Amino acid sequence: MAIANPATGEPVATCPRGSARQLDAAVAAAKAAFPGWARTSLQERRRLLTTIADVIEANADELAALLTAEQGRPLSDATLEAHGTAAFFRHVAGLEHETRVLDDGPDRRVELRRRPLGVVAAILPWNAPLLVIAFKVPAALLAGNTVVVKPAATTPLATLALARLIAEVTPRGVINVVTDANDLGDRLTDHPDVAKVTFTGSTATGLKVMANAAKTLKRVTLELGGNDAAIVLDDADPRAVAPGIFHGAFWNCGQVCLAIKRLYVHDSLYDELCEELAALARQAVVGDGSDADTQIGPLQNRMQYEKVKGFLADARAHGRIVAGGELSGSAGYFVAPTIVADIAEGSRLVDEEQFGPILPVLRFSTTKEAVERANASPYGLGASVWSSDLDRAVAVADQLEAGTVWINKHIDVAPHIPQAGAKQSGIGAELGEVGLLEYTQVQVLNVKK
Ligand code: NAD
């Protein structure tokens with residue numbers, strides 16, 4: 001398969017297209033490696049994760065260049081992603097999932113143990129290919145599972161490079177990568193030898209994954225779509241909050257599950273904040289991620305580009321564009337960061353997940369109303385509250401239906417902070433000890449004394 005650079009539309013490299021037979025071979029390899037890997041000591045598994053972190057660190061520049069070439073993000077961001085991936089592996093290497101003694105009385109001894117599950121299928125999206133691996137693979141391995149990783153069809157290169165780099169240090173069959181043309185996901189999630197599916201992607205695909213997994217009662221962790229609301233209360237300072245909101249909405253060209261996708265602003269600050277955001281949008285440097293000045297790269301693929309163009313048309317029809325709105329004239333999938341005012345619920349841009357650089361700004365007059373409107377979504381991934389009064393902001397956060405609520409920031413991801421989606425944004429959690437436990441099966445050992 002030819003893999004295109006989204007900044008130019010030109011091919012970067014070709015990549016093998018896995019067949020159904022090769023997918024089965026990868027699952028069989030993971031299944032064969034499982035008993036041996038599950039028997040290794042926790043110490044040995046920690047050692048592998050640390051070694052992988054070292055290998056990623058040592059090759060971060062090569063991985064970052066590939067990420068920029070296939071995904072489009074600015075090289076500085078891609079470099080952070082490569083180092084971040086190493087840091088996540090390193091952090092997980094230090095996590096604990098020890099056996100706990102629940103009862104050690106005169107009649108019985110009861111232990112709560114955590115056993116590995118078996119073969120874990122890790123299915124990735126195209127917006128942050130390496131980082132999403134770091135959300136899943138180290139925890140699965142530390143718990144004693146083996147994995148089959150399937151990257152998205154348009155971003156397989158950094159994943160394959162990583163696989164090549166770690167093949168020498170990883171026991172055979174423990175980590176497998178299969179690339180596809182967006183056509184092997186069904187077979188992988190349907191496979192009788194897969195014990196768990198950890199999936200990051202759209203809610204529509206997540207529903208299919210869960211239906212397939214149900215046939216053999218596979219465990220699932222689903223990190224799905226979002227339509228995060230940010231609420232700016234009347235006591236916020238528009239100039240002070242604008243850069244954080246801009247970053248939360250436009251980082252990675254808005255292609256972040258946890259990006260701000262709806263901005264609710266109190267009436268009294270509305271015009272001023274729209275203007276502050278518009279100024280930042282006009283200043284932002286949009287371009288090829290390999291240019292040092294670029295702050296915002298292209299959309300990752302043609303399909304997403306076409307989708308975002310549809311949202312732009314909707315914004316024009318139902319709102320007022322205060323900044324941006326232009327497409328690039330060149331071959332790449334560029335859309336200028338766009339601020340849309342005077343738009344309301346009922347438009348596609350507000351009700352659906354745009355996953356691109358177009359931010360609708362909505363006006364509210366009471367906090368109660370803002371909370372109700374923020375919650376009126378099938379999604380519940382993240383949310384944020386912006387205010388100069390922390391107690392007031394926390395009181396609003398308490399009412400929001402979301403897996404993460406930030407105050408005076410949006411998007412802050414770290415390996416020790418679990419991430420979970422409420423409502424149709426997901427099932428289960430990733431990262432931290434909570435995330436690690438999702439790769440284990442509870443086993444109670446109950447001994448008569
Ligand atoms: P997508 O659902 O189209 O694809 C994700 C992955 O699923 C790809 O690897 C794809 O090949 C695979 N796939 C396709 N059909 C499948 C099937 N029937 N069964 C199993 N797998 C199948 O999503 P995308 O377009 O790559 O990513 C964008 C979406 O991902 C957005 O909705 C975004 O919000 C979401 N996302 C969520 C998170 C999170 O943590 N919640 C993070 C990043 C992206």
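Here is a short tour of a few spots in this structure, grouped by topic. The model is predicted, so local features need pLDDT of at least 70 and side-chain atom pairs count only at pLDDT 80 or more, while totals for chains, interfaces and linings use all residues. Residues are numbered from 1 along each chain as its sequence is written, and side-chain values use heavy atoms, with hydrogens and water left out.

**Around the ligand**

- How many residues surround the ligand? There are 27 of them, and the closest are Leu 124, Asn 182, Ser 202, Leu 224 and Glu 353.
- With Gly 201, a backbone N or O atom lies 3.2 Å from an oxygen atom of the ligand.

**Helices α5 and α6**

- Helix α5 covers residues 129-142 and helix α6 covers residues 157-167. Helices here are DSSP runs (H or I, at least four residues), strands are runs of E (at least two), and both are numbered from the N terminus.
- The two axes come within 8 Å and cross at roughly 55°, which makes α5 oblique to α6. Axes are lines fitted to C-alpha atoms, for helices over the stretch in contact, and angles run from 0 to 180 degrees between N-to-C directions. As for the labels, under 35 degrees is roughly parallel, over 145 roughly antiparallel, 65 to 115 roughly perpendicular, and the rest oblique.
- Which residues meet here? Pro 129, Leu 130 and Ile 133 in α5 meet Ala 158, Thr 159 and Leu 162 in α6. Contact means heavy atoms within 4.5 Å.
- Sorted by class, this contact has 5 nonpolar, 1 polar and no charged residues. Ala, Val, Leu, Ile, Met, Phe, Trp, Tyr, Cys and Pro count as nonpolar, Asp, Glu, Lys and Arg as charged, and the others, Gly among them, as polar.

**Two residues of helix α4**

- Thr 85 sits in helix α4 (residues 75-93). Is Thr 85 buried or exposed? Thr 85 counts as buried because its relative accessibility is 0%. Buried means under 20% relative accessible area, exposed over 50%, and partly exposed in between (1.4 Å probe, protein chains only).
- Not counting residues up to four places away in sequence, Thr 85 touches Ile 56, Leu 130, Leu 131 and Ala 134.
- Beyond residues up to four places away in sequence, Phe 89 touches several others, including Leu 49, Ile 52, Ile 133 and Pro 138.

- Thr 146 belongs to strand β6 (residues 146-150) and is buried at 0% relative accessibility. A polar atom of its side chain lies 2.8 Å from the backbone oxygen of Ala 30.
- Pro 238 lies in helix α9 (residues 238-250) and is buried, at 7% relative accessibility. Leaving aside neighbours within four places in sequence, Pro 238 is in contact with Leu 269, Glu 272, Leu 273 and Glu 276.

**Partly exposed residues**

- Asp 104, in strand β3 (residues 100-104), counts as partly exposed at 45% relative accessibility.
- What does the side chain of Asp 104 pair up with? It makes a polar contact of 3.1 Å with the side chain of Arg 109, and another of 2.6 Å with the side chain of Lys 449.
- Asp 342 is in the loop between β13 (338-341) and α12 (348-351). Its phi is near 50°, a positive value in a residue other than glycine, and at 39% relative accessibility Asp 342 is partly exposed.
- Lys 423, in strand β19 (residues 422-423), also isn't a glycine, yet has a positive phi of about 45°. Lys 423 is partly exposed, at 36% relative accessibility.

Terms used:
Near = heavy atom within 4 Å. Polar contact = N/O pair within 3.5 Å; in protein donor to acceptor, adjacent residues only side chain to side chain.
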